[in-house]
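Take a look at the model below.

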Amino acid sequence: MNIAPSRIGRLMLALLPFVLIATIYVVASAERRAVNPDDKLLPPVSEMADAVRRVAFEPDRRSGEIVLWTDTAASLQRLALGLGIATLIGLVFGLAIGVLPMVSATLAPLVAVLSMIPPMAILPVLFIVFGLGELSKVVLIVIGVGPFLIRDLSLAVAALPAEQIVKAQSLGASTWQVAIRVVLPQIMPRLIDAVRLSLGPAFLFLISAEAIAAESGLGYRIFLVRRFLAMDVILPYVAWITLLAYLMDYALARLSRATFPWAYK
Amino acid sequence: MALCRRRRHRQEVADKYGITINVTQINDYVESVNQYTAGKFDGVTVTNMDALTIPAAGGVDTTALIIGDFSNGNDGIVLKKGKTVADIKGRKINMVELSVSHYLLARALNSVKLKEKDIKVVNTSDSDIVGAFKSKDSTAVITWNPQLMEVRAEPDSTLVYDSSKIPGEIIDTLAVKTETLKDNPDFGKALVGIWFETLALMSDAGDKGKTAREAMAKLSGTDLAGFDTQLKTTKMFYTPKEAVAFAKGGELVKTMELVRTFCFEHNLLGEGVKSKDAIGIAFPSGETMGRKANLKLRFDASFMQMAADGKL
């Protein structure tokens with residue numbers, strides 16, 4: 001417990017499991033290739049690099065587009081819209097439910113029930129109601145993460161000390177002023193944290209929707225090339241999605257620290 | 001296919017050859033083919049096109065042991081407010097991209113001198129095709145039965161092209177690992193035996209056949225009427241003799257030439273593949289297509305011939 005790694009030691013320790021996984025992969029890939037030189041399940045790194053070069057830098061034979069960028073742009077647009085709308089809804093309703101007992105009494109049970117509906121279970125309904133275009137994909141993300149954000153934020157409001165609210169009111173603050181000047185700034189860091197935690201589910205819903213009906217997108221490509229087991233495309237796509245999600249998470253963490261330094265003191 | 005799931009019967013035949021056959025039903029077709037290619041199974045029911053693009057292109061030497069049937073109207077193109085194939089121009093089409101539906105599309109476009117650039121493909125899961133067609137923004141779908149029956153029932157919809165225009169090109173086979181078959185010919189004999197005995201039962205005109213078809217209909221998620229309708233648009237090879245004649249005929253070679261050209265043009269043989277000859281295909285006549293050193297898909301009629309001659 002009292003032995004702590006040095007800075008360099010920490011870095012080495014952090015890298016160790018990654019190197020281990022990579023080594024296991026390379027060995028397993030070489031073994032499968034020795035048995036079947038056309039094996040597609042565990043392609044060697046060189047082939048994945050080849051596939052990356054093809055999808056990221058060369059125009060596609062069929063569409064003439066550079067598929068990785070088309071897919072990334074399509075997916076990020078859906079994700080940004082979905083998460084953006086969900087965040088806005090989460091903030092407005094979370095704040096209203098937390099601050100106003102009348103709203104809470106009306107909406108909190110509804111939100112509690114809605115948040116328990118597995119979004120994937122109503123996907124067929126969404127497709128029929130909202131069509132197969134962009135809208136249903138964005139709606140799936142909103143339905144998937146919106147209720148969680150609402151509940152998390154209303155809980156964060158409830159956790160604020162009651163004395164603080166009473167004090168603001170006795171100093172003459174209106175409900176609006178309490179909500180906007182006292183409560184809102186205090187729950188903003190929590191909002192960003194909740195969005196960070198929602199990134200995983202948001203990607204899950206995005207890729208599920210793209211797998212079912214789409215003409216471009218990261219999930220679309222993975223489920224398309226799955227038809228002929230093109231792991232040399234799938235694995236780099238997974239790595240790319242992971243990197244994108246990690247960068248978003250990191251950016252949100254930095255944003256939170258830069259905007260609300262008091263929350264981290 | 002719900003064939004040979006009747007355990008007792010399977011057991012009898014398997015006992016005759018002293019082997020054990022385990023049959024697993026996998027509800028996702030592509031996943032079943034992928035599992036076979038990954039080495040989890042020794043055999044799989046697969047179409048001629050997918051046998052070429054998934055296991056064969058993945059280096060798994062595969063033998064099409066049984067030719068079960070070909071689609072003779074079981075796959076089709078349905079348009080809303082359109083009367084002919086040419087009306088497909090400029091539409092967005094919901095279908096399973098890179099599947100036999102895509103092949104059917106290519107053949108249909110070719111018949112009216114259109115190009116794939118003239119339309120837009122929206123990759124849509126086969127289980128959501130029917131729902132997709134109900135929404136306003138979907139005006140064209142390509143799918144197979146039983147979904148095809150559902151979408152044809154939609155108001156304003158017309159079947160403009162189906163696989164009866166290209167008979168014998170979309171083939172269902174039972175494919176097995178060539179290596180397993182070589183090491184264990186009894187495995188092939190047992191499968192062929194079970195297959196044609198089951199088909200004989202299925203085509204029985206009396207109550208026995210009805211009971212069998214009812215059970216099969218249930219296993220494939222429809223009822224007897226639906227199952228019989230599907231059989232009408234499927235050219236089944238009920239006897240080994242018919243299947244052998246088809247496998248040995250010259251049409252199969254022509255079909256595979258069309259199929260492999262389509263697959264190559266759509267990068268289905270692998271991204272790095274430079275020619276459609278990369279993967280070799282062997283036919284019962286001994287004729288081959290593509291690289292002889294890399295024969296990965298073999299049509300073998302010898303086991304069906306044994307069944308036809310009563311020598312199993």
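Among contacts in chain B between residues at least 6 apart in sequence, 70% join residues at least 24 apart. Two residues are in contact here if their C-beta atoms, placed from the backbone, lie within 7 Å. This is a predicted model, in which local features need pLDDT of at least 70, side-chain atom pairs count only at pLDDT 80 or more, and totals for chains, interfaces and linings use all residues. Residues are numbered from 1 along each chain as its sequence is written, while chains are lettered from A and ligands numbered from 1 in the order in which they are written.

Stay with chain B. It has 13 helices and twelve strands. Helices (H or I, at least four residues) and strands (E, at least two) are DSSP runs, numbered from the N terminus. The C-alpha trace of chain B spans about 55 × 50 × 30 Å along its principal axes. A compact globule of 312 residues would have a radius of gyration near 20 Å, and the 19 Å of chain B agrees with that. The radius is taken over C-alpha atoms, and the globule rule is 2.2 Å times the number of residues to the power 0.38. Of the 312 residues in chain B, 46% are buried. A buried residue has 20 or more other C-beta atoms within 10 Å of its own C-beta, again placed from the backbone.

Ala, Val, Leu, Ile, Met, Phe, Trp, Tyr, Cys and Pro count as nonpolar, Asp, Glu, Lys and Arg as charged, and the others, Gly among them, as polar.

Next, look inside chain A. Helix H9 (residues 218-225) of chain A is mostly covered: eight of its eight residues are buried. Among them are Tyr220(A), Arg221(A) and Phe223(A). The buried residues of H9(A) pack against H3, H8, S1 and H10 of chain A together with S5 of chain B.

H3(A) has another partner. Helix H3 (residues 67-99) and helix H6 (residues 134-158) of chain A pack at an angle of about 30°, with their axes 6 Å apart. That makes H3(A) roughly parallel to H6(A), a label for angles under 35 degrees. Their contact divides into 20 nonpolar, seven polar and three charged residues.

Terms used
A residue is buried if 20 or more other C-beta atoms lie within 10 Å of its own, exposed if 12 or fewer, and partly exposed in between; C-beta atoms are placed from the backbone. Axes are lines fitted to C-alpha atoms, for helices over the stretch in contact, and angles run from 0 to 180 degrees between N-to-C directions. Angles under 35 degrees count as roughly parallel, over 145 as roughly antiparallel, 65 to 115 as roughly perpendicular and the rest as oblique.
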